[in-house]
Amino acid sequence: MTQAEASSSKKKISPLVRPNRRLLCLGIEGSANKLGVGVISHSPSPTSKTVTKVTVLSNVRHTYITSPGEGFLPSDTARHHRDWIIRVIEESIRKAGVRWSDLDCIAFTKGPGMGTPLQVGALVARTLSLLHNIPLIGVNHCVGHIEMGRQITSSHNPIVLYVSGGNTQVIAYSQQRYRIFGETLDIAVGNCLDRFARVIGLRNDPSPGYNIEVEAKKGKKLVQLPYGTKGMDVSLAGMLHSVETYTKDKKYRSWDKINQEEEDIITPYDLCYSLQETAFAMLVEITERAMAHVGARDVLIVGGVGCNLRLQEMMGIMASERNGRVFATDQSFCIDNGIMIAQAGLLAFRMGQITPLEKTGVTQRYRTDAVHVSWRA
Amino acid sequence: MASMQNEAGPSSEGWHTTTLRIPFHTPQHAEIAKSALEVDREQNGTFVYRELSVENDMLIAKYETSTVRLLRLSTNSCLSSLDLVVRTMSSFATDPKDIPKTDEELEKFRDEANRISGGAGTGIELKGDGRGAGSGEEVK
């Protein structure tokens, strides 16, 4: 019996019933500095009796970008969301070509994230739901990332590495829960990169992580940084502090002070390179450990940091050594967006998991394993 | 609620009070605003007492707080939330006088929106091959 047959015989039947008509869901996401609204449809495929056709009708986003050296604060981010949300929803609805009466449900991010920006999305979702009498679905942000990644890459049962500005988790699915196998003990990897970008004065446009990725390509030297894996978990704060100390080193030359002839110096390029290599090595290690435990072969990378090509490459090397595959999405889905909330919301809706109005309050802390994943076997 | 607070928290004697009266187009809209706002609990719950009610087409928000500063903060956040609700309604509430769009009109509308700013057009089917639906268009 081949490997494929062995796994397919174990494959359980999905509890999801194929829809008998087109189902539409509007998703609103605003847990951090991105405000995203998208419309997704699940419809019965005209050619096959078992397949559900999933179509992205619109996926609109507006990002709050702060000036170099500054992060985004909750109150300013909430103001940005309040200023933009009407325009973003309008655009999304227009591009999708749907009427309010066509929508079957409205999904919004319930948590985790920053409280006040989350509230903006939830308040608008509630108002729309009451105006047009559409049921609401509160979605866990992390589950949104996972479901979108699964849908795009059609990886069946992967180990999920969820890396973003606020979260760093290695997740494995079991018994209708996304179980957290390992995670960061202090700060998230995206947070670590963003903060370092602020220290060396990189721009936040399009994103600090992307700018680090670009500069790291010019790095020549790997400086030593503390490597902090603790069993299944990682610790990143010490490494961030250490890389920050290098910027005060006698040998450090800032962007405009680099002299090509000078030898034995440390450049911001070197530090970006070293930071990425060390942090990603840790992530690859804990992911590999989770794969060995679970016996999984595939890795799915989701979250904002997931669009870093170097991380995808390193993960690819590890996976190929284990005869596995790496699934990653492009930046339209890695970075926070409304469509992933719509996707996870519509899956919950199809299983009848509707959030009653009084339970639609947002929560800053909402663990990935707190969600009952009723739509998976 | 008030009696409960007397037992648990500080005495509400000598608290500062303000009442906001916000008019809406219809009593239904005022009710919707009330229901939407009520879900979010007041931060600083022990020192801020909030009561929302509807009188005809008027939403009445009564605030009682222990300090003047809290009164400013809580009414400020209430007003910015209300502003958002009102703007959502004026943009997205259906006007009974409007004639619903036909499918053809909707299609034209959609094509126009996608032509101007480069969108997905008729939508992109996710085939599970790892490719996504464009770039997640940023609004200008």
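This is a predicted model: local features need pLDDT of at least 70, side-chain atom pairs count only at pLDDT 80 or more; totals for chains, interfaces and linings use all residues.

Me: Let's take Tyr162(A). Where is Tyr162(A) found in chain A?

Reply: Tyr162(A) belongs to strand E6, which spans residues 159-163 of chain A.

Me: Is Tyr162(A) buried or exposed, and why?

Reply: The idea is to count C-beta atoms around a residue: 20 or more others within 10 Å make it buried. Tyr162(A) has 27 of them within 10 Å, so Tyr162(A) is buried. Beyond neighbours within four places in sequence, its contacts include Cys142(A), His145(A), Ile171(A) and Val302(A).

Me: And where is the place of Ser164(A)?

Reply: Ser164(A) lies in the loop between E6 and strand E7 (168-174) of chain A. Ser164(A) also counts as buried, because it has 25 C-beta neighbours inside 10 Å. Setting aside residues up to four places away in sequence, Ser164(A) touches Ala188(A), Gly190(A), Gly303(A), Gly304(A) and Val305(A).

Me: What does chain B average in pLDDT?

Reply: Chain B averages 81, and 74% of its residues score at least 70. Over residues 1-6 of chain B the pLDDT is below 50, and this stretch has seven contacts in the model beyond near neighbours in sequence. Residues 132-136 of chain B are also below 50, with 19 such contacts.

Me: What ipTM and pTM does the model score?

Reply: The scores are ipTM 0.88 and pTM 0.90.

How values were computed
Residues are numbered from 1 along each chain as its sequence is written. Chains are lettered from A and ligands numbered from 1 in the order in which they are written. pLDDT is the predictor's confidence in each residue, from 0 to 100. Two residues are in contact if their C-beta atoms, placed from the backbone, lie within 7 Å. Helices (H or I, at least four residues) and strands (E, at least two) are DSSP runs, numbered from the N terminus. A residue is buried if 20 or more other C-beta atoms lie within 10 Å of its own, exposed if 12 or fewer, and partly exposed in between; C-beta atoms are placed from the backbone.
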